[in-house]
Every structure is written in C-alpha cells, then in structure tokens.
Amino acid sequence: MRASIAGIPQRITETDVPVWRILGRNPGPMTGPGTNSYLIGESRLCLIDPGPRDSVQLRSFLTAIGDRKLEFILATHTHGDHSPGAADLQRATGAELVGLPAPEHGNHDLSFTPARDWRHGDLLDCGEYSISMLHTPGHVSNHFCYLLREEELLFTGDHVLQGTTSVILPPDGNMSHYLDSLRELQQMNLRYFAPGHGDLIHDPHGELRKLIKHRLRRESKVERSLAEIGSCGLEELVCVVYDDVDKSMHRWACRTMLAHLEKLECEGRVRREGERWSQV
Ligand SMILES: [Zn+2]
C-alpha cells in the first residue's frame, strides 16, 4: 500500500462500499503516523474519528464530502486524538454525533456531546450500507468499534492498532474488560480491521490471537517478576517486566502494567500494600 499523506483521502481498495482513509496531521510517539479518519459511503456518508480540532483537517473533510450529505460523525472514544474535531465538523455539516460522552476519569475530550444515548448493538442504516455499534471497553470504558456489515470490516479505534499495542489506562481502562472485548470479536465474522492508527489489517482473527497471547504472556511476566523480586513498587517492576520496551515509553508501560496488576489482584493472584505489590 502506498504511504498516506495527511489530509489526502486514500481509497481502501479492498471494499465495494467506498471507504476512504484520511490521515490526521498529528504524527507522534503515541499516534504513530497520525490518527486515521474514515469516510464511508457514496451519497449518505459517515465519518469515523475526526481526530484533533484542526481547521486545516476540517477543510480536507469538507472537500472530501463535497455536496453530499454527511449523516453521522462517529467517535470510537473521547481521547484527544480521536474526537475533538467532531464539534466543528458537526457545526459545518449538521451531522449527528455517534458514540459515548467522556467518562469521569482520565484526560478526555469533554466537547463530544452526542444528543442520543447510544448502545451496544445499535444500527446506523445509511441505505447502501449499515454500521453496527460494538461496545469494546478496555483501552477506556467508552470505547466503541464500528462494523461495516456489508464488508465485515471493523473500525477498531484504539482497541486494535496496527504496528503497536494499545495502552490500557486505569482507573477507567481495565485489562479484564479489554481481553473480554477482544474475545468477543473472536466470535464474529471479520475480514478486515481498519485501526485508528496504522494500516488496514487483513487477518483480523490472526491479529486477535496474537494480541491475546501477547497480553497473557506479559501477565505471566508480571507474576514471574514479582516472584523473583519480591515486594516492589511500579517503577522497579516496570524495568523488569518491560525490559524489551524503550525507557522513554515506561511511563505509559507503567499504566498498562498497573492494569495487569489490578486484574491479577481481582483474581487473588497478587496483593497491594500501599505503593508496593507482591505475589500471593
Ligand atoms: Zn485512545
């Protein structure tokens, strides 16, 4: 696949229903090449994840939409690299916002305020295609994936990423919920993942198996390391458990490791005393 250029719509060639990937102008260590926005449809359009508030990117969206009708703006979740562009795009087009508002904890976009109470299983019928909504908590509690049913293509936001794994952010993010959400996807017929960051994934079920295995392997490394070190704090533990990850990313690795520890604590396998953790 040729490299994407920010703001320039790139047609996903695998689908009959038109899907355009529009790369955001926000590359970085946490966003990879930038946030992917997706524009779907021929005449009645949906746009998934408008990304950060950005007047240049807004113009790119409006040019891509042209004189067609944008019916829905969908946000996979309310992190700053996914939903803040929705409010301006809504004002410009009159489209309806789809997704869940910001949860209580964490650094979320409070400007995303859908008028309706959207639920798992809700269906957006755009005539030529339809999109069903799947609640997939874990990365954060208000995360949705969106299934383009006719193509069995799932827009995965930050639930599944290409080229990296998502950070699980307690207290709102939750490792047990994350693994359950991945396992739920294993029950579905899926042909492609269109992630919030990175390229289209052609083997969704292989990717799910790999992700679950990766998390469980990390979880046993947490337990093994605690057994070796004994009682310790997060900063000491992260250097051992994430010795394969660059130190500059340890701040984030710490959050995901805490999510592993909280899961293990719930299962009665580790205990927390103040700031220190140990094996049961
Ligand atoms: Zn996110």
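**View 1. Helices α3 and α4 cross in the predicted model.** The axes of helix α3 (residues 175-185) and helix α4 (residues 204-229) come within 10 Å, crossing at roughly 155°. Because angles over 145 degrees count as roughly antiparallel, this crossing makes α3 roughly antiparallel to α4. The crossing of the two helices is left-handed, and the contact is made, on the side of α3, by Leu179, Leu182 and Leu185, and, on the side of α4, by Leu208, Leu211, Ile212 and Arg215.

**View 2. Helix α2 and its buried residues.** Within helix α2, which spans residues 86-93, the residues Ala86, Leu89 and Gln90 are buried. When the helix is seen down its axis, these buried residues fall within an arc of 100°, so they line one face of α2. An α-helix has 3.6 residues a turn, so residues three or four places apart point the same way. The elements against which the buried residues of α2 pack are β4 (44-48), α1 (55-65), β5 (69-74) and β6 (96-98). Gly94 follows α2, and its phi is positive, near 75°.

**View 3. The hairpin of strands β12 and β13.** Strand β12 (residues 270-273) pairs with strand β13 (residues 276-279) in the antiparallel sense, and the pairing extends over four bridges. Trp277 in β13 is the bridge partner of Arg272. Two residues lie between the strands of this hairpin, in which Gly274 takes a positive phi near 65°.

Note on methods
Residues numbered from 1 in each chain as written. Predicted model: local features only at pLDDT ≥ 70, side-chain atom pairs only at ≥ 80, totals over all residues. Buried ≥ 20, exposed ≤ 12 C-beta atoms within 10 Å, placed from the backbone. Arc of directions from axis to C-beta. Contact = placed C-beta atoms within 7 Å. Pairing = 2+ DSSP bridges. Axes fitted to C-alpha atoms, helices over the stretch in contact; angles between N-to-C directions. Parallel < 35°, antiparallel > 145°, perpendicular 65-115°, else oblique. Left-handed = near helix turned anticlockwise from the far one by under 90°.
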